[in-house]
Amino acid sequence: MSDNQQIDEYRRKFLGQASVAAGTAVIAPGVFLSTPAAAKPADQPVDSGKRWGILVDTAKCASGCNACVTACEQENGWGSASNAEEHSADSQKAQWIRKVQLKDKLSGHVTTLPLMCQHCETPPCADVCPTGASFKRADGIVLVDKHICIGCRYCMMACPYKARSFIHEDLKDQKPWAPRGKGTVEACTLCVHRVDNDGTPACVEACNAAQHGALYFGDLNDENSEISRQLREYGGTEIRADLGLNTGVRYRGI
Amino acid sequence: MSHKRLLRRVAGLLLSTLLLLPVAAAAEEEEQIPFSDLELVLPERHFSDTLECVQPEDEMRRNHMKYILHQRDETMRKGIRTRRYALEECINCHAVKDDNGEYVRIEDKRHFCASCHTYAAVNIDCFQCHSDVPVRESTLHSLKSGAARHGGIAEGTLTRDTLQLLAAEGKPQ
């Protein structure tokens, strides 16, 4: 090792220690400013240290607003963002996320909410999949591996949330980050391509852009994340909690 | 008829048949060679002038599918999103444009993947789901794989296999 390299190494070590010291600065007693956890390097696999989830505050979800659905269509190239599926009936077409309206018959109070794959901890779709195409990633995101999906649609039957769609027709011009094709089942991926790059799902981004702020995205395992704080302080329920699926998507105000 | 004469006649008959056979075959050939009306599109080389491929060319010719398959499972199952062996980057680099400057689709025999796979009669279904044309900018800027450049090939940097392949294609080495 040459002298220069050795000096470089000393410098690197010093800078490393300095940045650790600077990472947690004490502003006032009991108040810490800490740097957020480092982004996952692209060559590292996801791990179960994280569990991604979304909290929907139905009180803030505006009736008639469709921003989350449109954003999902644009991001992943389905629905209005695709000119394929022209022979399919509306009920057959892909629907990764839908707006659902609930009306209390007694009071007449109307609640709207987006409904998509709930990213269960124990996903029934993965249970029934005969090929292992439906699976849950270590970080809690439930996906379809379309390479080995045979299109049997058992998962669509098993899903209590009607979250999955089957593609009946040849598609063209798919997004490179969201491959989808005929004969396979698909659903919300929690914008896994964005999440892997430290991004936020398109629906959450759109909801914030529309000034509603009804969707919180974050790591449920991290007690300092906004979603965990919200859930801890104000609560949030699962849809069909009786099934004991421990969903990653939670709702408040239903 | 004696035994000897019979033998001689049979031998003569055989000999004449043997002599006539090639003539008959030649006559048939002139009429119609099977599939001679089929247009055979030879695979073409569509490589970047500025970038090297991610592995040496002879390695990629044989094993490109293994790299893509490996990357596919790593990305799908584990969220590993390195770009080096990503199918999207293959497309970004090897995309072919037609005379109007538009990228050709997979149905076109000039498409990089289609050109070889049509020739080899190997049906691929990658592009039923994946994009067959570049959509977003490549994130690979410089690659140093130790392989020879595709554009200007320096002397002595190619393996014997690749040289043979190039010779068979009638390309300058």
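1. A:Ser48 has 10 C-beta neighbours inside 10 Å, so A:Ser48 counts as exposed. A:Ser48 is found in the loop between β2 (31-34) and β3 of chain A; helices (H or I, at least four residues) and strands (E, at least two) are DSSP runs numbered from the N terminus. Leaving aside residues up to four places away in sequence, A:Ser48 touches A:Ala138 and A:Asp139, where contact means C-beta atoms, placed from the backbone, within 7 Å. From A:Ser48 to A:Arg252, 204 residues along the chain, the C-alpha separation is 25 Å.

2. Housekeeping. This is a predicted model, in which local features need pLDDT of at least 70 and side-chain atom pairs count only at pLDDT 80 or more, while totals for chains, interfaces and linings use all residues. Residues are numbered from 1 along each chain as its sequence is written, with chains lettered from A and ligands numbered from 1 in the order in which they are written.

3. On confidence, the model scores ipTM 0.79 and pTM 0.75. Chain B has a mean pLDDT (the predictor's confidence in each residue, from 0 to 100) of 75, with 58% of its residues at 70 or more. Within chain B, helix α1 (residues 3-31) comes out lowest, at a mean of 62, and helix α2 (residues 57-78) highest, at 93. For residues 143-157 of chain B the pLDDT is below 50, and this stretch has 29 contacts in the model beyond near neighbours in sequence. Where pLDDT is low, the predicted coordinates should not be read in detail.

4. Chain A next. There are 7 helices and 11 strands in chain A, and 36% of its 254 residues are buried. Of the chain A contacts between residues at least 6 apart in sequence, 60% join residues at least 24 apart.

5. The sheet I'd look at is an open one of 3 strands in chain A, ordered β10-β3-β11, with mixed pairing; strands pair if DSSP finds at least two bridges between them. Its edge strands are β10 (215-219) and β11 (249-252) of chain A, each pairing on one side only. From one strand to the next the twist averages 20 degrees. Helix α7 (residues 226-234) of chain A packs on the sheet, touching β3, β10 and β11 of chain A, and its direction makes about 115 degrees with that of β10(A). Axes here are lines fitted to C-alpha atoms, for helices over the stretch in contact, and angles run from 0 to 180 degrees between N-to-C directions.

6. How does β3(A) pair? Strand β3 (residues 52-57) of chain A runs parallel to β11(A) over 4 bridges, whereas β3(A) and β10(A) are antiparallel, joined by 5 bridges. A:Leu55 has A:Arg250 as its bridge partner in β11(A) and stands opposite A:Tyr216 in β10(A). A:Val56, in turn, stands opposite A:Tyr251 in β11(A).

7. Not counting residues up to four places away in sequence, A:Leu215 touches A:Ile54, A:Val56, A:Cys68, A:Cys203, A:Val204 and A:Cys207.

8. A:Ala202, A:Cys203, A:Val204, A:Ala206 and A:Cys207 are buried in α6(A), and the cover over its buried residues includes β3, α2, β4 (97-103), β5 and β10 of chain A. Just after α6(A), A:Gln211 takes a positive phi of about 65 degrees.

9. Lastly, the interface: 16 residues from chain A and 14 residues from chain B make the contact.

Technical notes. Two residues are in contact if their C-beta atoms, placed from the backbone, lie within 7 Å. A residue is buried if 20 or more other C-beta atoms lie within 10 Å of its own, exposed if 12 or fewer, and partly exposed in between; C-beta atoms are placed from the backbone.
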